[in-house]
Amino acid sequence: SLGLFGVAAMINEGNEIIRKNNVMDPANAIASSLLEIMQKDLGANVSASIVKVYTNDADQLAKASKGQAAFTLDVETRYWTVGYFSTDWTHYWVHYIAKARLIEVETGSVFAEGTCNKDSKSDEKPPSYEELQENQAAILKQKLISITNECVKTFKTEMLAL
């Protein structure tokens, strides 16, 4: 058992890699992909404006978008980190959780929502800590791209029913 200190150390290791290598939060890429899907598959008119609001409150998010659109898409990273395996402290996996909501601007109500919880624990050859950091965290960034694509598929089917 890792205990509380082991888990905290694992999370800190992952956060350090993310900070040190300027690894971008996948939420923006997920939002962009979902907007493209909504435009292509649902015929939605998509506004290019991004409203940055630091709240989880759907009503506040809707108010920030008033006059700009009928719906606003909110994609939020809930948790992301890299950590080592409990049985192998020399190899690492990536974990990412996001929530996406389509909010009706007029009423502030959530029209559709979904959650994505993905990780790379099943990789056949998980990287070492050094490998995750090589070439400005190229392997980590590639894993996050893969997870981002998986999340887009999850939201497309579960949230948008496409």
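**The disulfide**

Cys116 and Cys151 form a disulfide, with their sulfur atoms 2.0 Å apart. A disulfide here is a pair of cysteine sulfur atoms within 2.5 Å, and by that rule the count comes to 1 disulfide. Cys116 lies in strand 3 (residues 110-119) and Cys151 in helix 4, so the pair ties together parts that are 35 residues apart in sequence. The link of Cys116 and Cys151 is left-handed, at -75 degrees about the S-S bond. Cys116 is buried, with a relative accessible area of 0%, and Cys151 is also buried at 0%. Buried means under 20% relative accessible area, exposed over 50%, and partly exposed in between, with a 1.4 Å probe and protein chains only.

A word on provenance. This is a predicted model, where local features need pLDDT of at least 70, side-chain atom pairs count only at pLDDT 80 or more, and totals for chains, interfaces and linings use all residues. Residues are numbered from 1 along each chain as its sequence is written, and side-chain values use heavy atoms, with hydrogens and water left out.

**The overall layout**

The protein chain has 4 helices and 3 strands, in the pattern α-α-α-β-β-β-α along the sequence. Helices (H or I, at least four residues) and strands (E, at least two) are DSSP runs, numbered from the N terminus. Taken along the principal axes, the C-alpha atoms of the protein chain fill a box of roughly 50 × 30 × 25 Å. Of the 162 residues in the protein chain, 40% are buried.

In what order do the strands of the open sheet come? The order is 1-2-3, formed by 3 strands with antiparallel pairing. Strand 1 (71-85) and strand 3 are the edge strands, each pairing on one side only. Two strands pair if DSSP finds at least two bridges between them. Strand 1 is joined to strand 2 (residues 88-104) by 14 bridges, and these two strands form a hairpin with 2 residues between them. Two of the positions can be named: Tyr84 has Tyr92 in strand 2 as its bridge partner, and Thr72 stands opposite Ile103 in strand 2. As for burial, 12 of the 15 residues of strand 1 are buried, so strand 1 is largely enclosed by the rest of the structure.

**Helix 4**

Back to the helix that holds Cys151. Helix 4 (residues 129-158) has 30 residues, but its end C-alpha atoms are only 34 Å apart, short of the 44 Å that a straight helix would reach at 1.5 Å a residue. That expected span is 1.5 Å times one less than the number of residues. Where is the kink in helix 4 centred? The kink is centred on Asn135 and comes to about 120 degrees. The bend at a residue is the angle between axes fitted to the seven residues ending there and the seven starting there.

**Asp57**

Last, a loop residue. Asp57 lies between helix 2 (27-42) and helix 3 (58-65). Is Asp57 exposed, partly exposed or buried? Asp57 counts as partly exposed, because its relative accessibility is 38%. The side chain of Asp57 reaches the backbone nitrogen of Gln60 at 2.8 Å. For Asp57 and Trp93, 36 residues apart along the chain, the C-alpha atoms are separated by 32 Å.

That is the tour.

Terms used:
Polar contact = N/O pair within 3.5 Å; in protein donor to acceptor, adjacent residues only side chain to side chain.
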